[in-house]
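Have a look at the fold and then read on.

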Amino acid sequence: MSPVIPIRSDTSSGCSDVVPLVERGQREVFCGLTGIIWLHRKIQDAFFLVVGSRTCAHLIQSAAGVMIFAEPRFGTAIIDERDLAGLADVHTELDRVVQQLLARRPDIRLLFLVGSCPSEVIKLDLSRAAERLNTIHHPAVRVLNYSGSGIETTFTQGEDACLAAMVPGLPAPSAPEAPPALMVVGTLADVVEDQLRGLLERMGLKVDFFPPRRSQEMPVVGTHTRFLLAQPFLADTARALQARGAQHLGAPFPLGVEGTTAWLQAAATAFGVAPELFDSVTQAARQRAEKALAVHRQRLQGQRIFFFPDSQLEIPLARFVHRELGMDLVEVGTPYLHRQHMAPELAWLPAGTRVSEGQDVDRQLDRCLADAPDMVVCGLGLANPLEAQGITTKWAIELVFTPIQGYEQAADLAGLFSRPLQRREKLAA
Ligand code: SF4
């Protein structure tokens, strides 16, 4: 049997004490409404009603790529000029829209009122609206609210705000002395969730995933809860769970073979799984993934990569591409650096890596062009100008939309980096 990979496989503390380059200038990011794209696919009886402008409606519609007649589980209640001029009572309008929606869609069990820049600018109090609508529609439908606005946020914060809004309503255990229970927090594609659940169950661990696939299946949370984060952008959700007494299990994120192994190991250690059992459960998938990664490593080894801050996945991705694919890190930008959640990841970055937090886009572009990396991971707005400069790019948002966690997806994740380089080589040939 091959040995279990420890969380820190070397004695170096990597970038644990890194002092990031902090920038607070103009940023190029999507807003938190984007999270609706993957959240509405996950929670199958939820509806996301954006209270916003036509711009918000266009963003969601085009990002989701759903036909208007396909009855999607999201929509926009448009704030128009009359609302902005105070000529109409926005709350009355909203109640009417919700009434119509719920009458037409009896399958909805959970309704999110999602705030936007326009609703925040006119100081529309959606928590008050949710409270009022709950008195009308609960228990048939639960109404919650959160903000997806782009004011001072980055696009993955939409999921964080959504999950954090659900935490206060999670059921408490019926007995005060409930046995410890494992919960995985963060939206994962169903296929990934099934694989991770399968591995954990073969270790004898029962696990709840949050968010669940249906709103009626909300996990119980309390002091008995031990939770693993599946996504690195859930600071508010983690804080809300901790306020309910749940304990966070610190671990790298389940990206690549090492990350997945260490993430599973954190659960196994917390629940006393025997090392032999852990090893026998994970060995085959680990070896398969290592073999599949080797092909991509041949192409990516020694390639220089630059991460612009966008998804908050940058640090775990940088750790993966460096340690498992041999890429050289030019700069690793992140919108926010959560020291505690990132501690195991920072320890795995090579010492001396240039880590930046926040953005001043012009200065960062200057650094990037001066460094001339082989590949840049960035938002859509920067990709085309950089491609025009001859730099190969990868859209950060694609890394959030694609199932990339776990062993079986490790090679797919590597492929997201190797394919753009391959494409450029073909175009240059
Ligand atoms: S929430 Fe703000 S940033 Fe997002 S689409 Fe609407 S107006 Fe634009």
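What follows goes from the domains to the sheets, the core and the ligand shell.

## Model and domains

Keep in mind that this is a predicted model.

Where they touch, 10 residues of domain 2 are in contact with six residues of domain 3. On the domain 2 side, helix α1 (residues 36-42) gives the most, with three residues. That side is made up of five nonpolar, one polar and four charged residues.

Strand β4 (residues 110-115) is largely enclosed by the rest of the structure, because six of its six residues are buried. Both faces are covered: Leu110, Phe112 and Val114 are buried on one side, and Leu111, Leu113 and Gly115 are buried on the other.

β4 runs parallel to strand β2 (residues 46-52), and six bridges join the two. Here valine 50 has valine 114 of β4 as its bridge partner. Six bridges also join β4 to strand β5 (residues 142-147), again in parallel; leucine 111 is partnered there with valine 143 of β5.

## The core around Val114

The largest nonpolar core has 123 residues, and the members touching the most others are Phe48, Leu49, Val51, Phe112, Val114 and Val185. What does valine 114 contact, leaving aside its neighbours within four places in sequence? The list is Leu33, Ile36, Phe48, Leu49, Val50, Val51, Tyr146 and Gly148.

## The open sheet

Another set of strands to pick out is an open sheet of four, ordered β7-β6-β8-β9 with parallel pairing.

Strand β8 (residues 225-229) is joined to β9 by two bridges, and the two run parallel. Phenylalanine 227 has histidine 248 in β9 as its bridge partner.

## The ligand shell

Around the ligand sit Cys31, Leu33, Gly52, Ser53, Thr55, Cys56, Leu59, Ser116, Cys117, Gly148, Ser149 and Gly150. Helix α2 (residues 54-64) gives the most to this shell, with three residues.

How do the shell residues divide by class? There are five nonpolar and seven polar residues, with no charged ones. Leu33 and Gly148 belong to this shell, and both are also among the contacts of valine 114.

Methods: Residues are numbered from 1 along each chain as its sequence is written. This is a predicted model: local features need pLDDT of at least 70, side-chain atom pairs count only at pLDDT 80 or more; totals for chains, interfaces and linings use all residues. A nonpolar core is a set of buried Ala, Val, Leu, Ile, Met, Phe, Trp, Tyr and Cys residues joined through C-beta atoms within 7 Å. A residue is buried if 20 or more other C-beta atoms lie within 10 Å of its own, exposed if 12 or fewer, and partly exposed in between; C-beta atoms are placed from the backbone. Two residues are in contact if their C-beta atoms, placed from the backbone, lie within 7 Å. Ala, Val, Leu, Ile, Met, Phe, Trp, Tyr, Cys and Pro count as nonpolar, Asp, Glu, Lys and Arg as charged, and the others, Gly among them, as polar. Two strands pair if DSSP finds at least two bridges between them. A residue is near a molecule or strand if its C-beta atom, placed from the backbone, lies within 6 Å of it.
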